[in-house]
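I opened this model to look up a few local features and keep short notes on each. The entries follow in the order in which I checked them.

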Amino acid sequence: MSINISQADKPIFETASQRLVALRRAMSNAHVQGYLIPHGDEHQGEFIAPYAERLKWLTGFTGSAGIAIVLDDQAVIFVDGRYTLQVKDQVDGGLYEFAHLIDEPPGKWLEQNLSKDSKLGFDPHLHTPAGLTALASAVEKSGAELMPIAKNLIDEIWVDQPSHPAAPVSIYPETMAGRSSGEKRSQIAKVLKSEGMDAFLFSALDSIAWLFNIRGADVAYSPLSYAYALLFADGAALLFIKKNNISKKLSAHLSDEVTILPYQDVGEALQGLSSKVKVIGVDQTTASSWVVDLITQAKRLPKHSADPCTAQKACKHPVELEGVRQAHIRDGVALTRFLAWLALEGPKGRLSETDAAERLESFRAENSLFLGPSFPTIAGAGANGAVVHYHALPDTASIIKPDMLFLVDSGGQYLDGTTDVTRTVAIGVPTSEQKRRFTLVLKGHIALARARFVAGISGSQLDTLARMPLWEEGLDFDHGTGHGVGTYLGVHEGPQSISKRANNVALKPNMVISNEPGYYKSGEYGIRIENLVAVVEAKAPYGSERQLLEFETVTLAPIDLNLVDSNMLTTKEKAWLNTYHFKVRESLCSFLDLDTRSWLETVTRKVS
């Protein structure tokens, strides 16, 4: 006999232990012996709305990447190297094992721990086909079975779960986008036609925002709205979005070629498509298994293809690139004011990491085009700087004290560009080791910034330049050297990157990417120097036979010369540093008050 319990009568589970017990009860009711809880939402984005923070609710882990696996008698949480310290602070080790997402992947753990004939449940909205394929073989080897469950089991027990957001959608002006939505849709439609697709189903929120020249506020740190889109090979489109997001002005902006439908009607719309629409493209690395299943259920052929907006979006329109430059001038003014303030207040030993982060955001917020941070600020004093994605909390934030290094990685969302910049500064007098290792990082940063390379070269082929000075002394860093950045979109975007990991995507003119080598001494200090750079055409020397490219550094902020051992720099490296600091002064001084201008002129003095 079943008993219906109203939502109001359901218990609110307060502790991680209670929540784990409740999940296992829900697993039993669903007839599964295991369940996957990823950090993610239906659109596989980096930042997710509060309702989708299921991993955080269950375990207490607040990082941006991870997955938990709960079985009847054991549980494990996987995180990458950025969060190995954080997860142990936030998650009860008596309830969960800790595992490394890369070194001890979930598939390997499942193969060793999943019982024969058991069923491992998952929410098909939260997993891509590519991700499930990686798990399926491990589950099969253990003699178990993957079982999709339509209703998320965490949602079943999370009584006070936040509601799905539906913030208003705004029009992104063509004066900043450089192209109309109609032009973009026509361009992408040609790609679909050339690759034998009748339509493409988009689920990546940044692609949808770029394609339709819209922005939203459903997701923290990224100006995105929850939506799906179906673009046809003739340029017409269906946009699935919550109706209370839509204004009459927006409907007019989208034109008659775009039909707006309710967010939840994707499946129904696919079922009702013309019989002429036979092949529907879908990116199996960003679309959920649920989306792919919808295409199959509609008796259409899903063609697994890379999201065609990704490559187009990565190469900024000249109007966008100029906006990026202007956004970085404004951001450089705010960061320089912050660094000048920190130089005065830091040595007093009264500032906490959160005090510093809040002050930096307040400087940015004085600009009318600043719309919020592009990610949670990383403000790490001393040993906390060695935690790559450290996040200070008011109750536990460390005090910035003299004779320590302070690393601050931050960024802003401006209407005309997205910024991401890291500076490491000495509070007081640095040690000789700190200066040497900072200078090694700087040498790698300069080597990449000065690189000239022929068209067709990928970021992974340049990665060695940033690491070589560290490698020569038996040192390295465990994160990528560079990631793509959007234009008033995501602070991390592809397809381009610079890292040890193989990436065949060639760097092309007008791509924006970060240059951020680092060094981290666990328990003591961290060092990172990050600027954003744009790929631009270089002036070819006489006799050149191929297109030549180089980087234009767009970030504008002083690099702490107190941490530089000038004796370690070559003549060319000194010239780059002096030229960069001259550009910083020339770009920013007219926007600064006299005291800050004087400070900037001092800290960007010529290195000889």
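Entry 1, terms and helix packing. I took axes as lines fitted to C-alpha atoms, for helices over the stretch in contact, with angles from 0 to 180 degrees between N-to-C directions. Helices (H or I, at least four residues) and strands (E, at least two) are DSSP runs, numbered from the N terminus. I note that this is a predicted model, where local features need pLDDT of at least 70 and side-chain atom pairs count only at pLDDT 80 or more, while totals for chains, interfaces and linings use all residues. Residues are numbered from 1 along each chain as its sequence is written, and side-chain values use heavy atoms, with hydrogens and water left out.

I looked up helix 4 (residues 106-113) against helix 5 (residues 129-141): their axes come within 8 Å and cross at roughly 15°. Helix 4 and helix 5 are therefore roughly parallel to each other, given that angles under 35 degrees count as roughly parallel, over 145 as roughly antiparallel, 65 to 115 as roughly perpendicular and the rest as oblique. Which residues meet there? Pro-106, Gly-107, Leu-110 and Glu-111 of helix 4 meet Leu-135, Ala-138, Val-139 and Lys-141 of helix 5, where contact means heavy atoms within 4.5 Å. I sorted the residues of this contact into five nonpolar, one polar and two charged. For that sorting, Ala, Val, Leu, Ile, Met, Phe, Trp, Tyr, Cys and Pro count as nonpolar, Asp, Glu, Lys and Arg as charged, and the others, Gly among them, as polar.

I found a cis peptide bond between Gly-494 and Pro-495, with omega about 10°. Pro-495 belongs to strand 23 (residues 493-498).

I then checked phi. His-31 is not a glycine, yet its phi is positive, about 65°. His-31 sits in the loop between helix 1 (16-29) and strand 1 (34-38). Is His-31 buried or exposed? His-31 counts as exposed because its relative accessibility is 59%; buried means under 20% relative accessible area, exposed over 50%, partly exposed in between (1.4 Å probe, protein chains only). Lys-299, not a glycine either, has a positive phi of about 60°. I placed Lys-299 in the loop between helix 12 (289-297) and strand 14 (301-304), and at 77% relative accessibility Lys-299 counts as exposed.

A nonpolar core is a set of buried Ala, Val, Leu, Ile, Met, Phe, Trp, Tyr and Cys residues joined through side-chain atoms within 4.5 Å. The largest such core has 56 residues, and Phe-202, Phe-212, Leu-230, Leu-239, Leu-270 and Ile-280 have the most contacts inside it. Beyond its neighbours within four places in sequence, Leu-270 contacts residues including Leu-201, Leu-294 and Ala-298. I also noted a second, separate core of 43 residues, with Leu-407, Leu-442, Tyr-520 and Ile-527 among them.

I looked at helix 9 (residues 205-212) next. Eight of its eight residues are buried, so helix 9 is largely enclosed by the rest of the structure. Trp-210 and Phe-212 are among the buried residues of helix 9. Asn-213 follows helix 9 and has a positive phi, near 50°.

His-328 lies in helix 14 (residues 318-345) and is buried, with a relative accessible area of 3%. Not counting residues up to four places away in sequence, His-328 touches Thr-418, Thr-419, Leu-532, Val-554, Thr-555 and Leu-556. Ser-598 lies in helix 19 (residues 594-603) and counts as partly exposed at 40% relative accessibility.
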